[in-house]
Structure formats: structure tokens, C-alpha cells
Amino acid sequence: MSRAKCIMVQGTMSGAGKSLLCTALCRIFAQDGYRVAPFKSQNMALNSFVTRDGLEMGRAQVVQAQAAGMEPDVRMNPILLKPSSDVGSQVIVNGEVRGQMPAAAYFKLKKSLIPDILAAYDSLAEEVDIIVIEGAGSPAEINLKADDIVNMGLAKLVDAPVLLAGDIDRGGVFAQLYGTVELLEPAERARIKGLVINKFRGDAAILKPGLTMLEEKTHLPVLGVVPYLRVDIEDEDSLSSRLESNTAVKPLDAAILRLPHISNFTDFMPLEQHPLLSVRYVQSPRQLGAPDVVILPGTKNTIDDLLWLRQCGLEGAVQKLAAAGTPVLGVCGGYQMLGETLADPEGTESGRSQTVRGLGLLPTRTVFTDAKHRTQDTATVTAPQLAGAVLTGYQIHTGRTAVQGVPFCRLADGSTEGCVKDNVAGTYLHGLFDTGELTEKLVQLLCSRKGISPASAPLLSMQEYRQQQFDLLADGVRRALDMNALYAAMGLERRSTV
């Protein structure tokens, strides 16, 4: 098979919409009959995923793979950085933890990772027709350009044509795009095949004078004005606007603790689709109030976030709600917090040897080690009042938890997982609501407690819902972009339209 063609989307800043545009292009090219794979050489995010073969990668490329109809593959994201502090990250290469590194140490290391990046890319390029590459941040971060392996540095390595996207919703999009182009080297500018105005609200005709001037000044065509699309696609990180939701507007109120190092909050997207459930994120006892269910999500820094709960008063508020019978659910790091103790004897989780008490709501004890548990799992919930729900998900955690109580679920291999005690439950399974079955069981439980009738309309599974949203996204972006010019930039003929 011939080597894949490629297109790269870079942005003027973080949050310019690169991930969503790449997701749309993956879907569009797949709709047009091409075999497509996403690629991002280096991703920095706390939201991660475990592949079928037990390797860890960023969720943005997982979502893009799903849009393309592909099985997520760690080659699509060979380097993942999971921030653990303001100046350091856990470095994951080809799905395996390489170590914990301060930023300065990683900057010295990263050029040595180019062979890993190219091996992953080249391998994908032999298997697909098109690779959609996502950049990171901005290519004009001139303090970082010398060692760049994710923007123009990568574009040069794989000879990628580039689309440059700017976010008009934040304002100043013409300055964003013009300034970025001007800060690039001539050879880098030559890679840009077109500019994209992203997240526009209103009448695009109003932009015409600005677009004309932008094209004159940059000598680059504007290939589209993409409207602000109201689609529900999983967000990558803590910039997500969904974390700003803190008001209950439906009969049932689900409060999720917005931990300082919250991760994998996409676990709870399926709850947002239920007509009776409001999902909100809270950071204080006042915001928490008296919800119908409290959820403790995953976190990259379990002990630090547990201490934060203690200091801000949320620990006591959750304990009082639990004592009054309010259902409480912990997932991954949130599950660990609900136990009796969390021990970090070698400082692998928190940076120093310590043992701290948990919330004491579950009869569990967790000990952190260097080893990371990574599996995909199918399970059936055995916890009373939620029993029978079938789950598909994945585990990705350090720490081993000893359970002296009733398990939450039974895995396909017959082993038990998680813990439940009265109205408090915990599990390591991410993606636990994706099938829709646990959502329905939870809603029935909350409705019975509140004396209201559950909604009669059946829920879509998360998989079906995602596919609908991918199609809506692709339709909006296809209408907005000059697809003929985009195919020409890749050296391909357009096969069809849908």
C-alpha cells in the first residue's frame, strides 16, 4: 500500500478548536471513503484512555479515532504528558510510563523521542489513506520553537501541509492569524495552505472586508469560516466549558466535585444526556448544597486533592450528606478517597512518604506503588439497588486497594472490583456510564428516593450518541470549509460528498 497523505491542523493558541476540527476532518474523510487515522506526536492532558492492548493514550486522539471508525491505537499519540504540578509531568511514551520529570528535564529529553514519533507515524502511514495531524498550542511560541516536535517541527519531519485555525469567539482573530504567520520562518509559512476562522457566531458576510485584508497581508487563502457548532463532543482537558456548570435545572441534581487535578471527567458525559439529570461541578460546600447524588471523580493527584477536600470543607459536607442517606459514588481516585487510609510509602503518588486518612465511607485501604494498572474491562454491577447493569470501561490507576466489604461489580473473568457500603460506592472503572445501563439504574434509584417517575423515553447508548454528534460536527465543518482546496493541498482528488 502507498504511504498515506496527511493534513495538519495548527492553531493560534490552546483552545482554538484544533481537536474538534481534526475530529471533523477524520469523520469527513471517513465518510468520503478513505481509511483515516488521527495523530498527535505529543499531547498534554489529564484525560487518558487505555487501549485494547493495555497502553495509555490521550483521549482527544481516541475521540478522533472513533470519529474515523478506527480502533484507538497508541501509535496515534506516542507521547502523553500528564501534568502533576506546575513544573512537572508524568511522561508516557508509546503507552508506557517513562518517568516523572520536571519541565527542564523533559525539554532536554524530547528531541531524543523523535525516533519514537516517526516510528509510530510511519507505521500508521503504511496502513491508512490519510493521517489527520493535530498540533499543540501555537507554532509561534518562539521560546519553544528550537526543540519543537509537535507543530512546525513535526510538519517538517513528515512533510505535512498545514491549516492554521484561529478562534474568533475569544476576539482578535485577525491579529492572532496575522501575528502567528509573521512569527514563522519563510519555510514554515510555505507549509500553510490556508487559514480557518473558527467558532464564528453571526452573519459571515460581515467578515468579508477583514478576510480580504487578511489574505492580502498573509498571502494565504482563508479556506473557511466555521460556525460555532453546538455539538457535544468529549472535551480534552480542564479548559472544558462543561466544568463551569454549577446550577441544577432538572428534577435530579448530580453534584461532581471539581477537584484541582480532576481527570477523566468525560466519564460523566452520559449523565448529562438524561432528561431528568442536571450535572454540575462544585468547588465549595456552599456550591455543593443538598444534591441527590455526590460523585467524586478521578484525579491525577489523589492525596493532594483529598487534602484540598479536607481544607475547603467539602470532606465534612460529603460525610454529612452520606450520613443522611445521600448516594455517594467515587470513581478511580475518588474511590480511593472514600476509603479508610491512603498510604504512599515510597512517595510515588504524592512525592513524599506518607499515610493519610480517607473519608472513611468505605472499608478499603489503598497503597500506592510505581506500577500502573491498565486494562479494558466488561463488568456487571452487583451493588444493591444498581445490580444488573452491564458496564464496559477501562482501569488506569496506580495503587492497589484492599476491600473488606461488598464488591461493586463482577468482571468478565469472575473477579470482583470496587466496593459498596449502604449508600456509598466506589469503582476503578472509567466509562462506567457509557452503555447507559448504570445511568438508568441510578436515575431509577434517585427517582424512587425523591418520589418522582423516571423518564419513559429510552436512552441512547453513549456509542450511538457519539456517532450522531460526529455526523453533526462533520456536516457543519464540511459546509464551512473549501473541501476541494483541502483535498488539493493533500494531493488527493475528492471522492464524493454526503
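**Exercise 1.** State how many aromatic pairs the ring rule gives, and describe the pair formed by Y34 and Y487.

*Solution.* Rings of Phe, Tyr and Trp (its six-membered ring) pair if their centres lie within 6.5 Å, with planes under 30 degrees apart counted as stacked, over 60 as edge-to-face and the rest as tilted; by this rule the count comes to 6 aromatic pairs. For Y34 and Y487 the ring centres are 5.9 Å apart and the planes meet at 35°, so the pair is tilted. The pair links distant parts of the chain, since Y34 belongs to the loop between α1 and β2 (36-39) while Y487 belongs to helix α16, 453 residues apart; helices (H or I, at least four residues) and strands (E, at least two) are DSSP runs, numbered from the N terminus. Ring pairs also bring in F29, which forms a cluster with Y34 and Y487.

This is a predicted model, in which local features need pLDDT of at least 70 and side-chain atom pairs count only at pLDDT 80 or more, whereas totals for chains, interfaces and linings use all residues. Residues are numbered from 1 along each chain as its sequence is written, and side-chain values use heavy atoms, with hydrogens and water left out.

**Exercise 2.** Decide whether Y487 is buried or exposed, and list its contacts beyond its sequence neighbours.

*Solution.* Buried means under 20% relative accessible area, exposed over 50%, and partly exposed in between (1.4 Å probe, protein chains only). Y487, which lies in helix α16 (residues 483-490), has a relative accessible area of 0% and is therefore buried. Taking contact as heavy atoms within 4.5 Å, and leaving aside residues up to four places away in sequence, Y487 touches F29, D32, Y34, L492, E493 and R494.

**Exercise 3.** Characterise helix α1 by its span and its burial.

*Solution.* The expected span of a helix is 1.5 Å times one less than its number of residues. Helix α1 (residues 18-31), with 14 residues, reaches 20 Å from its first C-alpha to its last, close to the 20 Å expected at 1.5 Å a residue. Because 10 of the 14 residues of α1 are buried, the helix is largely enclosed by the rest of the structure; among the buried residues are L21, L25, I28 and F29. Just after α1, G33 takes a positive phi of about 95°.

**Exercise 4.** Identify which residues touch the most other members of the largest nonpolar core, and which element gives the most to it.

*Solution.* A nonpolar core is a set of buried Ala, Val, Leu, Ile, Met, Phe, Trp, Tyr and Cys residues joined through side-chain atoms within 4.5 Å. Of the 87 residues in the largest such core, F29, I131, I133 and I197 touch the most other members, and α1 gives the most to this core, with 7 residues. A second, separate core of 64 residues includes A254, I256, A383 and F433.

**Exercise 5.** Examine D232 and name the partner of its side chain in a polar contact.

*Solution.* D232 lies in the loop between β12 (222-227) and β13 (252-257), and with a relative accessible area of 17% it is buried. Its side chain makes a polar contact with the side chain of Y465 (2.9 Å), where a polar contact is a pair of N or O atoms within 3.5 Å; within protein, one must be able to donate a hydrogen and the other to accept it, and residues adjacent in sequence count only if both atoms are side-chain atoms.
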